[in-house]
Amino acid sequence: MMLYEVLLIVFALCLSIHTYTDLKEQLLYDEVSTLLMVTGVIYAYYFSNMWDAVQGAMASVVIMLVIYWISRGGMGFGDVKLAFVLGVWLGLEQSLLCLLLAFIFGGVVGVSLLLTGIKSRKDAIPFGPYLCVSGWVSLLCGKELLALYWSLWF
């Protein structure tokens, strides 16, 4: 198996673990994020662009830190760390796409849960699963989605 495939499998497994633990325990484990970070740096070094990875990580963490501080604990710090790591994997443009998709997916599901009465305004809704799904979509289809988006405007 080639390095690229191994890294993608690790990426998918780590995102699956994060999704499961966030839904079950509302926790995103640092050990899983650390593994994602290490493999993300390897991925960026061999298959992407290290500078783009740094820009993606910085943009993602700044956006998520602002939201973390504004929400005063409404969003967990694990989500901030996960967004940082996804930024390493995805680079600047795709990490911004990932955040946009996560907020759209999370918003649609969150509003649906509230409207159906499954959750109340006081219930926590984990954000990690939306980051994970959006990270996977952005890694696999991000360039195509961005090209489609820009083609609509120009």
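Modeller: Keep in mind that this is a predicted model. Start with the largest pocket. Its volume is about 310 Å³. The lining is made of 17 residues. Nearest the centre of the pocket lie Gly74, Met75, Gly76, Asp79 and Phe127. Which elements give two or more residues to this lining? They are helix H3, residues 50–71, and helix H4, residues 77–116. H4 gives the most, with three residues.

Now the helix packing. Helix H1 covers residues 3–25, and helix H5 covers residues 128–153. At what angle do H1 and H5 pack? The angle is about 160°, and the two axes are 8 Å apart. An angle over 145 degrees counts as roughly antiparallel. H1 and H5 are therefore roughly antiparallel to each other. Their crossing is left-handed.

Next, look at the residues that meet. H1 brings Leu8, Phe11, Ala12, Leu15, His18, Thr19, Asp22 and Leu23. From H5 come Gly128, Pro129, Cys132, Gly135, Trp136 and Leu139. How do the residues of this contact divide by type? Nine are nonpolar, four are polar and one is charged. Asp22 of H1 is the charged residue here. The H5 side includes two glycines, Gly128 and Gly135, and glycine counts as polar.

Conventions
Residues numbered from 1 in each chain as written. Predicted model: local features only at pLDDT ≥ 70, side-chain atom pairs only at ≥ 80, totals over all residues. Heavy atoms only, no water. 1 Å grid on protein atoms, 1.4 Å probe; cavity = no way out; pocket = protein on both sides within 12 Å on 5 of 7 lines; lining within 4 Å. Points joined across faces, edges and corners; volume = space filled by probe spheres on them. Helix = DSSP H or I, 4+ residues; strand = E, 2+ residues; numbered from the N terminus. Axes fitted to C-alpha atoms, helices over the stretch in contact; angles between N-to-C directions. Parallel < 35°, antiparallel > 145°, perpendicular 65-115°, else oblique. Left-handed = near helix turned anticlockwise from the far one by under 90°. Contact = heavy atoms within 4.5 Å.
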